[in-house]
Every structure is written in structure tokens, then in C-alpha cells.
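Colleague: Show me the model, please. I would like the terms set against their definitions.

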There are 2 protein chains.
Amino acid sequence: MTQNIYDTPDFFAGYSQLPRSVHGLDGAPEWPALRAMLPPLDGARMLDLGCGFGWYARWMRSQGAASVEGIDVSENMLARARELTQDPAITYRHDDLETAVLGEGAFDLAFSVLALHYIVDLAGLLGRIHAALAPGGRLVVHMEHPIFMAPSSPDFAKDNKGRRFWPLDRYLEEGPRTTDWLAPGVVKQHRMLSTTLNHVMDAGFALERVEEWRPTDAAIAQAPRMAAERDRPMFLFFAARR
Amino acid sequence: MTQNIYDTPDFFAGYSQLPRSVHGLDGAPEWPALRAMLPPLDGARMLDLGCGFGWYARWMRSQGAASVEGIDVSENMLARARELTQDPAITYRHDDLETAVLGEGAFDLAFSVLALHYIVDLAGLLGRIHAALAPGGRLVVHMEHPIFMAPSSPDFAKDNKGRRFWPLDRYLEEGPRTTDWLAPGVVKQHRMLSTTLNHVMDAGFALERVEEWRPTDAAIAQAPRMAAERDRPMFLFFAARR
């Protein structure tokens, strides 16, 4: 089963203070780029895999989605999501994406933010997502980029000329990566970008778009520390069609 | 126009001595993985974009391809290819892939090894390749991986624990990269992996497979220095269908 780090007290406390937890979508600098990958939402039945506090679920409904089913492994996050949601067309379910039953053909859009890099059996999950979508349904995923996840020492460093670099190693060695982020011992599953995309195609999806998120020039002008995000990608997005 | 570094005397002399130039496909450790991406070749009309010495063209014919048209910008390489080839079904053309006329629907397989990372107008070339293929025709590409191409200083380094790493930077800054390899001032065109794949899909292709080449355990046992190839990918392959 997937590690449920979100219900570790230190992790949950830290995560709850991130800008994206406090301010929702406006606190996520990559949101405009992700939003641009979404299909028309009007009337869509949506599945939110790793729904967290429900920010995306509520936004999807505000854009005309007919319903949203959010699934998350974290009871803490779901409790907060329920507090923040007054909408009977949004339902939340406590379940583990590694094994959750997703049904057959009942959704028009499967959406997932920052969850799939925790999944051990990604091929299995993608097969269940494919079956859960109606023909023509879409999958839109936002996940941690494998360049960000791969290294033994995943922090920027500087060379003897003072030039910042990302010390990439083990990119082609797939398997768990354990880091200390908000709490010790957070376990993620590293896969090459090609492996993830091949799993998507092998599940029966037609790949439509792949994005490696980079901040805009305007965003860097406002927050110069974001220039580092041009050195290595933190987020991978992709869109596919059943 | 594409830089024609292959006709620089130092570059050509150095390139001619690489194992893959001397021994052909057997000198390229990634060849078995690339071969596995090829469709059935029997009767196929093949276009080889950046054909070099013609090693792939001759192999394709040995596997039943009906014809091969090889295109290369290097007159030196084409002269050697013609010396090595006695087969009227293989033709060689001196042309620049940036602008070469590829015709309409006359090929079943477009194949390219270590050439597309030199192309400035990749979207334009992919559009011409798409038009040159018959419906159902395949595109199989082997090119330099953007992780390999991106850095300011594209060489392995070691940290203060003696651990080898690849100093990645500028991955999300697309544009020319100039390196000294066999000759000074070799110019390649860096694009993110996502950009290359989106160009393929935008040209009308259905993406079928993406591979980031890694040496097998057996290859590393034979040549331990190849273990470094697990730290960062050197080669990107992809297969797509018109």
C-alpha cells in the first residue's frame, strides 16, 4: 500500500502551511499551465485522484463540472476538504489509489495532482483509470518530474565558478526514493519519463500532450528565486484520451 | 541551414574512428534497444534521415526493406556510404534536412539516428516527414537526449563524497548548445523532451513508444565504465505512427 505520509503529524502540519494549501490554486504557480491542459468541463463527471483539500474539485464545479468524486488516502486531508466544501455534487472517499475500485465508464475526466509519483503499481492504476473513463474521456496528470526525483542528493549545488546545477544521478535506476521533506522518510517511486508515458500508452490511452513546467519570464521577474526552476523541471504534466 | 560539422576535417577524422563508424551497428551499444522499436521491414520503402555511412540502410535492406533513400548533409559521409554500398535499391542524396523535399506518401518507414538534435526547425521537418509517409507509416527516431544536451558544462563531475553526478542546468532554456566534441564549436539544438514529443504529436503522429536508453546489466558487467550511463540518459528513442 502507498505510504500515507500526509497523516504524519509533522508532514500534515507543514503541508497545511504551504501556499498551495492556504491559498488553493492561486498558491500554485504552475496552475495556469495545468489549467490550459484541461478539456471543456461543462457537464463533465470528474474523478480527482489524490484530491487533498479539494481545491481542484471545487474549482471544477465552479467551471460547470456535473460532479466530482475525490479520493485520497489521507484522512486528515479529507476532513479538511469536507469542512471546506458545501456542495452535494462533490463526494469524497477515503481509499488507497493502489487498490481503489474506480468502476467502469462512469467518468469524463480523470485528474490527478501530485499523487501518481507515490504509486507503486502505476500500470495497474492507469488500467483502472482507463476502464473508469467513458470512451473519449480524458486523463490529465500533474506529478513530480523524474529529474526532480531521481538524485541521491536532490538539492541544488554550486560549482567552483559559483554556477548553480542540479546534481543528477540514478535517473535510469528506477525504484523508491526516500527524502526528508516536511517529515523524515517520505517515499516516492522514481520512474523515467519514458516509463510513465509508456504505461499511459500501454493502458490504452492516446497521448495528447506532455509538459515540463517552467515559470514564465513575468513570474521570474516577480520572484527571482524562481529562475532556478529553469535549470531542472520540478513538475511533469500530461494529457491523454481514452 | 544546419551546421555541417561532419565535413570539418577534424570532426570527420574523429567520427570515422568511433566504434560505430568502424564496426557499424555492432559498434553501437544501443542498437539492440533501437532495433526492438522497428516495425516489420519486409517490403518497406524506407527513408533514412541523416544516413551517414549507410550502416542502417544496408541493414534494413538485409531485413527485407524494398528500398532505402538515405539523405545526409555531409558529402564526406555520403562518399563513404556509396563506397560501402553495392545495392541499386539504396540511393543516397546530398541534402539539408532543414529544407529537403521529402515528397508525399512514398515511404512506409522514416528512420533517423543522431540527426534531429541538429535541426533548427524540427516542427517543419516533422511535418514534411508526416506528409512523406503513407497512411499507417512509422517514424522511428534515435537522437541525443535533452538531459545530455542541456548543461552549461556537459561532463560528469564528482561531489565531495566522491559521488559521480551530471551537473544539469538550463534544461528548461531551449536553444542552441555549442560544445567541443571531436572538433570545436559543434552546434546542437536543445529542446525539452516534452517539446520534441509535442512537435511529433502536433505534426499529426500518434506516439507509440518512448525510450531513454540504458545499458543492460550484462553490458555493464562487460564494460564497467558504462554504469555512468545509468546516471543520465544519453539517447532518446521514440516511435510514432502516421
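Modeller: A:Ala110 touches A:Leu47, A:Leu49, A:Ile129, A:Ala132, A:Leu133 and A:Leu139, leaving aside residues up to four places away in sequence. This is a predicted model, in which local features need pLDDT of at least 70 and side-chain atom pairs pLDDT 80 or more, while totals for chains, interfaces and linings use all residues. Residues are numbered from 1 along each chain as its sequence is written, with chains lettered from A and ligands numbered from 1 in the order in which they are written.

Colleague: What makes two residues count as in contact?

Modeller: Their C-beta atoms, placed from the backbone, lie within 7 Å. A:Ala110 is also among the residues that touch the most other members of the largest nonpolar core, together with A:Phe238, B:Ala110 and B:Phe238; that core has 140 residues. A nonpolar core is a set of buried Ala, Val, Leu, Ile, Met, Phe, Trp, Tyr and Cys residues joined through C-beta atoms within 7 Å.

Colleague: Why is B:Asp108 called buried?

Modeller: A residue is buried if 20 or more other C-beta atoms lie within 10 Å of its own, exposed if 12 or fewer, and partly exposed in between. B:Asp108 has 22 within 10 Å, so it is buried. B:Asp108 belongs to strand 4 (residues 107-113) of chain B and touches B:Ala44, B:Arg45, B:Met46, B:Ala134 and B:Gly137, again without residues up to four places away in sequence.

Colleague: Why are strand 3 and strand 10 of chain A said to stand at the edges?

Modeller: The open sheet of 7 strands in chain A has the order 3-2-1-4-5-11-10, with mixed pairing. Strand 3 (90-94) and strand 10 (206-212) of chain A each have a single partner strand, so one side of each lacks a neighbour in the sheet. Strands (E, at least two residues) and helices (H or I, at least four) are DSSP runs, numbered from the N terminus.

Colleague: How many residues does each chain give to the contact?

Modeller: Chain A gives 32 residues and chain B gives 32 residues. Strand 10 of chain A gives the most to chain A's side, with 7 residues.

Technical notes. Pairing = 2+ DSSP bridges.
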